[in-house]
Amino acid sequence: MKNISVGHSPDADDIFMYYAIKFGWVTPDDAKFENIALDIETLNQACLKGVYDICAISFALYPFVKDDYALLKTAVSFGEGYGPKLIKKKETVLKKNFKVALSGEFTTNALLFRIAYPNARIIYMNFLDIEKAVLEGTVDAGVLIHESILTYDEKLEVEREMWDVWLELSGGGLPLPLGGMCLRRSIPLHSAINYENTLIKAVEVANKNRKVLAPMLLEKGLIRVDAPTLDKYLDLYANDNSVKMSEIQYKALDKLFELGYKHGFYQNLIKAEDFLIPSEYEELRAK
C-alpha cells in the first residue's frame with residue numbers, strides 16, 4: 001500500500017475536513033494517507049518545492065505550481081461577506097506607508113493587500129504572531145486570518161475587511177477565494193481520481209456529521225478555540241460549499257487569477273477549470 005503525504009494547516013476548518021480520514025471514517029482504496037499539519041505559508045513554500053503529494057494551499061499560490069500540481073475540487077474555503085481582517089490599535093490613524101504584518105508572501109490575503117495598498121511596508125510572519133505584533137507596536141497593522149478573525153483583542157479594531165477589498169477589485173457578485181488543495185501531477189491518473197474522491201467524501205462526511213466530529217476534535221485538544229467559536233468558524237469555512245467547487249467558485253478563482261495577472265504577479269493568465277483532475281476519465285474507461 002502506498003503512503004501518500006497530505007499537508008494541511010492546523011486551523012479548525014482544515015482539521016475538521018481532514019479528520020474523517022484520520023479517524024478512519026473514510027479511507028482511500030490503495031493508499032495510506034499520512035497527514036502533516038503546518039501553517040499555510042509553510043505549506044505554500046513546501047508546495048513550491050514539491051514536498052507533499054497532496055497539499056493545502058492559498059489559492060493565490062496556485063499559478064506558481066500549476067505545472068507540477070493539479071487543482072482539487074474539494075476542501076475549499078471561500079468567504080461570503082467575510083474573510084481576513086486588516087486590524088490596528090483603536091484610535092490609530094494609518095499613514096500611507098504604514099508597516100503591516102501579513103501571514104505569508106503567497107497567501108491570498110497578501111495578494112489582495114499588495115494590490116490595494118502598494119505603499120505599505122510589509123513584514124511576513126506566522127499568522128499566530130500577528131495580533132501580538134500589532135498590540136506591541138512592532139507593526140502598525142496586521143491582517144488576521146483563520147480563527148483569529150473571531151477572537152482578537154478588544155484593544156484592536158478593524159481598519160478594513162479584506163472582503164471589501166475583494167468587492168472593489170472584483171466588481172462584486174463573487175465569493176472570496178481563500179484556500180484549497182492540490183495534488184502532484186506525477187501521481188497516476190486513476191490513483192489521482194481515487195484520492196480526490198476520497199477527500200471529497202471525507203469533507204462530505206465531516207460536514208454531515210459535524211455534531212459528532214466537532215466534540216471529538218475539541219476533546220482531543222486538536223482545535224485552538226472553544227466550542228462556540230469552533231461552531232461559528234465552521235459555519236464560515238467548512239460547510240456545504242467546501243465539499244465540491246461550484247461554477248460561481250470557479251468564476252471567483254478566475255477573477256483572482258486575472259487580478260494577479262493584471263497587476264504583474266503572474267506571468268500567465270489561467271482558468272481554474274483547465275487545471276482540474278479529469279475525473280471523467282473513469283466514466284469513459286468504464287464504458
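UniProt annotations may be inferred rather than shown by experiment. In the unreviewed UniProt entry, the annotation "active site" covers His146. The model examined here is predicted. Histidine 146 lies in the loop between strand 9 (141-144) and helix 6 (148-151). Its relative accessibility is 15%. Buried means under 20% relative accessible area, so histidine 146 counts as buried.

The structure holds 12 aromatic pairs. One of them joins tyrosine 62 and phenylalanine 275. The ring centres of this pair are 6.0 Å apart, and the planes stand at 75 degrees. The geometry is edge-to-face. Tyrosine 62 belongs to helix 3 (residues 62-65). Phenylalanine 275 sits in the loop between helix 12 (247-262) and helix 13 (280-286).

Phenylalanine 98 and tyrosine 117 form another pair. Their ring centres are 5.6 Å apart and their planes meet at 80 degrees. Planes over 60 degrees apart count as edge-to-face, so this pair is edge-to-face. The pair also links distant parts of the chain, 19 residues apart. Tyrosine 117 lies in the loop between helix 4 (108-116) and strand 8 (121-124). Tyrosine 117 is buried, and so is phenylalanine 98. A separate entry in the aromatic inventory is a cluster formed by Tyr18, Tyr19, Phe23 and Trp25.

The surroundings of phenylalanine 98 were then traced. This residue is found in the loop between strand 6 (85-89) and strand 7 (99-102). Its relative accessible area is 4%, so phenylalanine 98 is buried. Leaving aside residues up to four places away in sequence, phenylalanine 98 touches Leu86, Phe113, Tyr117, Ala120, Arg121, Asp140 and Ala141. Isoleucine 4 is 94 residues from phenylalanine 98 in sequence. The C-alpha to C-alpha separation of these two residues is 43 Å.

Phe113, a contact of phenylalanine 98, also takes part in the packing of helix 4 against helix 7. The axes of helix 4 and helix 7 (residues 162-170) come within 10 Å. They cross at roughly 65 degrees. The crossing is left-handed. Helix 4 contributes Asn109, Leu112, Phe113, Ile115 and Ala116. These residues meet Met162, Val165, Trp166 and Leu169 in helix 7. The contact comprises 8 nonpolar residues, 1 polar residue and no charged residues.

How values were computed:
Residues are numbered from 1 along each chain as its sequence is written. This is a predicted model: local features need pLDDT of at least 70, side-chain atom pairs count only at pLDDT 80 or more; totals for chains, interfaces and linings use all residues. Side-chain values use heavy atoms; hydrogens and water are left out. Rings of Phe, Tyr and Trp (its six-membered ring) pair if their centres lie within 6.5 Å; planes under 30 degrees apart count as stacked, over 60 as edge-to-face and the rest as tilted. Helices (H or I, at least four residues) and strands (E, at least two) are DSSP runs, numbered from the N terminus. Buried means under 20% relative accessible area, exposed over 50%, partly exposed in between (1.4 Å probe, protein chains only). Axes are lines fitted to C-alpha atoms, for helices over the stretch in contact, and angles run from 0 to 180 degrees between N-to-C directions. A crossing is left-handed if the near helix is turned anticlockwise from the far one by less than a right angle, and right-handed if clockwise. Contact means heavy atoms within 4.5 Å. Ala, Val, Leu, Ile, Met, Phe, Trp, Tyr, Cys and Pro count as nonpolar, Asp, Glu, Lys and Arg as charged, and the others, Gly among them, as polar.
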